[in-house]
Amino acid sequence: MSIKASVASSIVRKELRRIREDPATRIPELVHWGRSLDKSGKNEGMFQSLERIANDPSSNWNIMIRNILKNVQPSFMEKFVSNFAVNAVFASAPRREKIMRKEGCNIPMAILMDPTASCNLHCIGCWAADYRKTSNMDYATLDRIIAEGKKLGIYMYLYSGGEPLIRSEDIFRLAARHKDCIFLSFTSGTLVDEHFAEESSRLGNIMLAISIEGYEKETDMRRGAGTYKKVLKAMDILKSHGVPFGFSTCYHHYNAEVVGSDEWLDFMVQQGCYFGWYFTYIPLGQGARLDLLATPHDREYMYHQVRKSRETRPIFLIDFWNDGEFVKGCIAGGRSYLHVNADGDVEPCAFIHYSGANIHDMSLLEALKQPLFKEYARNQPFNENMLRPCPLLDNPEKLQAMVERSGARSTQLPVEENVTDLTDKCRAAADAWEDKANELWNKAL
């Protein structure tokens with residue numbers, strides 16, 4: 001971390017202590033200070049929104065901030081703001097941009113990687129269900145990815161799998177070694193216990209996005225009997241230790257109207273969630289169930305519900321497919337993030353299992369220069385309608401062409417999935433969504 005970033009982090013810690021004493025006065029002051037750090041002015045729109053929130057105590061966002069200040073352990077909050085807001089977002093952005101210009105490739109803000117393909121659950125429709133359960137990246141490889149990433153200006157690391165908490169001791173070691181980074185694990189929550197919460201609280205730079213599919217019926221339908229109760233127990237444990245967490249939900253045809261409902265989101269806030277990541281089902285691998293694909297009605301419902309809830313509930317929500325307008329389309333392929341699977345294959349996205357690079361054979365920078373990632377950079381955004389951002393689910397012909405031109409190989413196991421076979425599974429859904437997406441997009445313009 002640079003001297004400038006270190007000084008900024010020290011100021012953040014001091015300011016957060018002052019905010020707790022007088023939130024009404026100090027929150028607007030912190031927003032003003034944050035704006036002064038944004039010399040380029042690229043985030044001016046965001047700061048204008050933050051200013052309105054800071055000066056309106058009745059705002060749901062203001063309420064969320066005050067809930068965090070009240071309930072999250074102070075040292076954890078200080079480290080999160082320092083590592084995420086300062087290191088991962090503002091202080092490192094100029095370095096990433098400089099390297100992008102020099103190297104001619106995307107440098108992402110975040111890296112998603114799988115410490116293991118092993119999992120203690122057998123969820124219906126899981127894209128990792130077919131993977132070798134013995135596939136793992138050892139500690140040294142994970143550490144090298146992070147070390148190389150930091151040199152490129154990347155300070156945010158996410159874990160998926162498999163179940164990443166199977167490797168919780170290595171996750172703790174990495175968080176302790178890289179104190180200037182923020183780590184987030186996508187997890188079933190079934191392995192969260194007092195020890196995990198205590199270590200997360202002590203380290204202050206590990207957060208969880210806990211997978212939940214709705215209430216007990218919806219969650220246990222895909223994840224197995226008893227999973228829902230374990231998830232709620234995990235949330236209670238983390239909350240009792242002042243460790244912030246959120247939910248991660250895959251919406252599909254059978255649960256969209258539950259997980260997007262006002263009642264369920266209120267329940268998630270009550271459970272202690274401060275954020276929620278919405279994904280949608282993608283039919284990857286052998287035996288993928290096409291009936292799980294969200295219909296245009298399901299997706300439109302989520303479009304309206306998430307936008308409404310962002311204005312009315314004290315929780316930060318992202319719908320990665322319906323929020324393309326806010327991030328200018330697809331964020332994968334190294335544009336904002338990439339995925340490294342448990343075998344070391346460097347993929348453009350957690351849902352795009354094709355690659356022309358393996359981290360065991362090359363550096364992270366070399367992997368970012370692979371032909372498939374160059375194809376992504378040349379073709380993003382994949383559609384002028386930002387409600388159709390995905391090169392697979394929304395524009396399957398785009399993914400097929402990029403994979404074929406780049407010569408990338410399938411990383412889907414146990415049987416490699418031909419890109420034509422994969423995209424054929426998505427064409428009907430893409431065609432069905434097109435008319436509704438165009439209608440919604442034209443109304444928003």
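**Entry 1: Lys436 and Glu300.** I looked up Lys436 and found that it forms a salt bridge with Glu300, with the closest N and O atoms 3.5 Å apart; I take a salt bridge to be a side-chain nitrogen of Lys or Arg within 4 Å of a carboxyl oxygen of Asp or Glu. Lys436 lies in helix α19 (residues 419–444) and Glu300 in helix α14, so the pair ties together parts that are 136 residues apart in sequence. The helices, as runs of H or I of at least four residues, and the strands, as runs of E of at least two, come from DSSP and are numbered from the N terminus. I noted both Lys436 and Glu300 as buried, where buried means under 20% relative accessible area, exposed over 50%, and partly exposed in between, with a 1.4 Å probe and protein chains only.

I keep in mind that this is a predicted model, in which local features need pLDDT of at least 70 and side-chain atom pairs count only at pLDDT 80 or more, while totals for chains, interfaces and linings use all residues. Residues are numbered from 1 along each chain as its sequence is written, and side-chain values use heavy atoms, with hydrogens and water left out.

**Entry 2: other salt bridges.** My search of the whole structure gave 28 salt bridges. One of them joins the side chains of Arg313 and Asp266 at 2.6 Å, N to O. Arg313 lies in the loop between α14 (296–312) and β7 (316–319) and Asp266 in helix α13 (residues 262–271), so this pair connects parts that are 47 residues apart in sequence. Arg313 counts as buried at 11% relative accessibility, whereas Asp266 is partly exposed at 38%. I also found Asp266 and Arg313 in a salt-bridge network with Asp262 and Lys308.

I then turned to Lys150, which forms a salt bridge with Asp180, the closest N and O atoms being 3.0 Å apart. This pair links distant parts of the chain, with Lys150 in helix α7 (residues 139–151) and Asp180 in the loop between α8 (168–177) and β3 (182–187), 30 residues apart. Lys150 counts as buried at 17% relative accessibility, and Asp180 counts as buried at 13%.

**Entry 3: helices α10 and α11.** I looked up how α10 packs with helix α11 (residues 227–240), and recorded an angle of about 110 degrees with the axes 8 Å apart; the axes are lines fitted to C-alpha atoms, for helices over the stretch in contact, and angles run from 0 to 180 degrees between N-to-C directions. The two helices are therefore roughly perpendicular to each other, on a scale where under 35 degrees counts as roughly parallel, over 145 as roughly antiparallel, 65 to 115 as roughly perpendicular and the rest as oblique.
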